[in-house]
Amino acid sequence: MAFSKNSGAGHRGLQESMYSVISLVFILVACVELCDAAAAIDVYRLIEYDISGSAFGSRFAALNHHAASLHFPSGADLSRTVLIIPLRELNITFVRVFNSGNGGNKQVHEKEKLKNLLAELERLLIHANLPYPVYFAFENDEIDTVLTDIKKNDAIGQPATATTGGYKLVIPTPEPKKVASPTIANIQGWLSGLKADGDTNQLPTIAIVASYDTFGAAPALSVGSDSNGSGIVALLEIARLFSLLYSNPKTRGKYNLLFGLTSGGPYNYNGTQKWLRSFDQRLRESIDYAICLNSIGSWDNELWIHVSKPPENAYIKQIFEGFSNVAEELDIKVGLKHKKINISNPRVAWEHEQFSRLRVTAATLSEIPVAPELLESTGGLFDSRQFVNETVITRGVKLVAESLARHIYGHQGKNVQIFADGGSLAVNPAYVQSWLDLLSRTPRVAPFLSKNDPFVMALKKELADHTDEVNLQHDILEGMFTFYDSTSAILNIYQVASVTFDLLSLLALGSYLIVLFCFLVITTRGLDDLISLFRRPPSRKVKTA
Amino acid sequence: MTMFHFFNCAILTFGPHAVYYSATPLSEYDTLGTSVKAALVYLGTALVKLVCLATFLQVSENDGFDPYQELLKALIGFIDVAGLYFALTQLTHRNISQNHKFQAVGLGWAFADSVLHRLAPLWMGARGLEFTWEYILQGLEANANLVLSISLAALASLIWLRKNKPKTLIPIIYACAGIVATMPSITSYLRRGLGWYFPKVVGFELFTSLVMAFISWQLFSACQRPSA
């Protein structure tokens, strides 16, 4: 972060004007245990975006400066330097000095410290406006050696600048440009229910929805294993189980099933809104209720059902009872949370709110107890595979599938296990695990997914395997968000010599050549010749005179 | 900064040749033509050596010291000596004294050697941002090579051009000429066989070049005394 002298409470305006002059930069090295130049390293840039014109994130991409570590001597001029900070050495208050003024570290459990640190850091960075490039990199041997060298130099008070040698970090990328018309792709799969002969009425529909895209501080690293990888995996598994049931007309239920994988989740569920708006009015009215899945991958034994209609509503009661009965059998605690929606407020915290705004009964099943803020819990840096538990997802799948099945087949209240373990309809943990692993390797920030992104196509194909009919709906992500490209780059680390070194060597070489010249003249032609070299002008004068 | 470094290394590598030419009486007697012809002869010998190496040598995977290969390389290295003989004796020089002839030939020889072996790596490598000591060491090596070439030329001219030499000195002359001629093999043995680092090898080269230069100077002046 820019190290201005008048830090502290700092007026942001003054700091920002100083920032435009200073071009300081720093790199964070995430110490998650993953995985020409002296070194060339893959780095991932902090996201750059605008909300309704207000700029956020890191506004620059190219880098060409000397490196320093956190142990820089106090009073050092940090403009035109790159700070390399390993995550485990990052003190969050250092970062906070330049942003808002809250202090206070929380005492947290040792294991969770890193996760919380990352989460807090991410929150700070996303909401800050940084006029210099910020990059994330994974720690490896090369960076470690470079960093120890830099620390040694800093410790003896010789930070790398143009006059003293040291390491120079170069990222040669062009300036980031706006992503023109970012697309969102909604995938829907339709499982038709059993229509009795002669029945002209439309069958009721139950919708199961999950949003699949993420948003994080480093879009090239936002894999969102829990938010919402767990939801996607659960949806696919439920689709698979019901496609098995529905493949046989004898076991086909009298409900249509609509599976939706929506995009645009972090941006007030923009995609879900567009998807619903594209529906026929009749279809929308035929939806009995919709279950939205959001982050069900790392809970202990408590899940929440969030609704926007009041709990006294008959439909809500029915849904909640159905879930509670099954939950009791599975030894899961399910709570009901009610959050009223405010039509005038554009903020949509849960996916079911988009349904409710169009008067469709809906609820969201999630481990998150409180409605998240804008751009919170959207699958960022800290949301990686190791924090998600596939057994927990399997339990969640069982919960949702049983509750749905009991409603569809009319077995409410009865103790019937349709998806019993060990049976042919058991939840397949290998399926869950393999899809979870794949999702944890795929960054899915919507503006950076191309129109025919292979991952979206893969999801479509998977859903097509389990449903009768699959549709892909492309739309433009509209609204207040604008994004800028250039999400990853290659960092070159050079070891450069200082200017003084070059000057000194020039001096040394010059004197060497002069000495050599004099030596050769003296030995081959004699000392007189050497002296005569310097005495020629006067002798000429004598001649002409 | 990087062009600066390139410039520094370039004057270290090629400066001494220019200085030698201008400082000694070579420039007064205008022996540039001789040096240029010697450089061309070096080019020819280098091509012949290349062909021989390609034909007779096998490429080894590891960077170790294979005695037979090195022996072969040394033998091919004697083509160098043949080329020097050709340059000294067969080329028609203008009437310059033997004293200056060997200097001019040696200078042209060393200059061609430096340009062929060191200019391209210097241009490619020294201009980058990354700093290494390699090009400075290469320049020092070029300096040592200059001294060695001139001493070799001196000894060669003693062997082939001077007819009346003191009998006792002849074996010494041949021995020194042999040592200087096999310098490349010796350095490659040091680098590969004993595993010396580049700075150490360059230091060794500088030291031996000065020693050899001194010895050949003494031999030359000793041979010059009877005829003087």
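Guide: Helices (H or I, at least four residues) and strands (E, at least two) are DSSP runs, numbered from the N terminus. This is a predicted model, where local features need pLDDT of at least 70 and side-chain atom pairs count only at pLDDT 80 or more, while totals for chains, interfaces and linings use all residues. Residues are numbered from 1 along each chain as written, chains are lettered from A and ligands numbered from 1 in the order written, and side-chain values use heavy atoms, with hydrogens and water left out.

As for geometry, helix 1 and helix 5 of chain B pack at about 10 degrees with their axes 9 Å apart. That makes these two helices of chain B roughly parallel. Axes are lines fitted to C-alpha atoms, for helices over the stretch in contact, and angles run from 0 to 180 degrees between N-to-C directions. Under 35 degrees counts as roughly parallel, over 145 as roughly antiparallel, 65 to 115 as roughly perpendicular, and the rest as oblique.

Now across to chain A. Helix 13 of chain A (residues 499-524) packs against helix 1 of chain B at about 5 degrees, again with axes 9 Å apart, so this pair is roughly parallel too. Among the residues in that contact are L506(A), L513(A) and F517(A) from helix 13 of chain A, and F4(B), I11(B) and V19(B) from helix 1 of chain B. The residues of this contact divide into 17 nonpolar, 6 polar and 1 charged.

Zooming out, the chain contact takes 22 residues from chain B and 25 from chain A. The rule finds 4 residue pairs in polar contact across the interface, both at pLDDT 80 or more (N or O atoms within 3.5 Å; within protein, one must be able to donate a hydrogen and the other to accept it, and residues adjacent in sequence count only if both atoms are side-chain atoms). On chain B's side, helix 1 (2-23) and helix 5 (134-160) are the elements giving two or more residues. Helix 1 of chain B supplies the largest share, 12 residues.

Technical notes:
Contact = heavy atoms within 4.5 Å. Nonpolar A, V, L, I, M, F, W, Y, C, P; charged D, E, K, R; others polar.
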